[in-house]
Amino acid sequence: HAQAGRFEQAVQEFRLMLARDPGFNRARLELALALQKAGDRQGAKYHYEQVLAADLPAPVIRNIYRQLGDIRERDPSARLTLELSSDSNPKQATHNRVVTIGGRDYVLNENSRAETVWGVAGTADLRWPLASDPSWFAHAYGELYEYPGRSLDSQYALTTLGKRFEWGRHHVSLEVGGHAYLRQGEKQYDGGTLSGSGFLRVSPQLALTGDVSLKTLTYPNLPY
């Protein structure tokens, strides 16, 4: 059934085999592949991971990890980070209490001297394949830094639309979109982006990966 493209029927047959013999790893692998082809990627992922607990030949293990990587590429993903961040001298001020200017000594108040400031730093990285064609995907990335007094507040955002091309065991992804950077609420620059990444399987033991990106920066006319 699987070879004929009748994946739903193949799934039922492999489930019956596993009901009779839960340790039949070949049937579990074929079930995982049939589920993957039928669009049930989470079900396929479960059975691939179950098989990895067995003693398998190295080529089979590599193929399972390749299939799991393909599932990850086709499923929506989100990665969020949030952390406390400090800057020992955001104002770039002196630590000295007394400074000499033009031969005269001046005593600085506490607000004019260097101080450590704590703030919040966060990032978000979202990837969403299109349901109609998972080889197309939307990608969004953002950075946020928030400090008391807005002395170091900044935001960066990048959004792209991408396409994944596959041939055999190799794949290349291309993305095009735009990005912008703001500091203390004022836009510093924006522009377009073009990026690409690839995976090339040279041999069963060797693979090459790489990425390249091009960005344009357009600066506003700021008064100084």
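In the predicted model, the charged end of Arg127 is placed over the ring of Phe137, at 3.9 Å from the centre of that ring.

Read from the N terminus, the order of elements is α-α-α-α-β-β-β-β-β-β-β-β-β. The chain has 224 residues, of which 27% are buried. Its accessible surface amounts to about 14,800 Å², and carbon and sulfur atoms account for 55% of that area. Contacts were also examined by separation along the sequence. Among those between residues at least 6 apart, 45% join residues that are at least 24 apart.

Part of the surface is formed by a nonpolar patch of about 490 Å², to which Leu82, Leu84, Trp118 and Val120 contribute. Strand β1, residues 77-87, and strand β4, residues 117-129, each provide at least two residues of this patch. Trp118 belongs to strand β4. With a relative accessible area of 53%, Trp118 is classed as exposed, because this value is over the 50% cut-off.

Aromatic rings form a further group of features. A pair of aromatic rings is described by the distance of the centres and the angle of the planes. Two aromatic pairs are present in the structure. One of them joins Tyr189 and Tyr219, with 5.8 Å from centre to centre and 70° between the planes. This pair is edge-to-face, because an angle over 60 degrees places it in that class. Tyr189 is located in strand β8, which spans residues 186-203, whereas Tyr219 is located in the segment after β9 (206-215); the pair therefore ties together parts that are 30 residues apart in sequence.

Tyr219, by contrast, is exposed, with a relative accessible area of 53%. Together with Tyr181, the residues Tyr189 and Tyr219 form one aromatic cluster.

Definitions and conventions
Residues numbered from 1 in each chain as written. Predicted model: local features only at pLDDT ≥ 70, side-chain atom pairs only at ≥ 80, totals over all residues. Heavy atoms only, no water. Helix = DSSP H or I, 4+ residues; strand = E, 2+ residues; numbered from the N terminus. Buried < 20%, exposed > 50% of the residue type's maximum accessible area, 1.4 Å probe, protein only. Contact = heavy atoms within 4.5 Å. Areas by Shrake-Rupley, 256 points an atom, 1.4 Å probe, with all protein chains shown as cover. Patch = residues over 30% accessible without salt bridge, like charges linked within 9 Å, V, L, I, M, F, W, Y side chains within 5 Å. Salt bridge = Lys/Arg side-chain N within 4 Å of Asp/Glu carboxyl O. Phe/Tyr/Trp six-rings, centres within 6.5 Å; stacked < 30°, edge-to-face > 60°. Lys NZ or Arg CZ within 6 Å of the ring centre and 35° of its normal.
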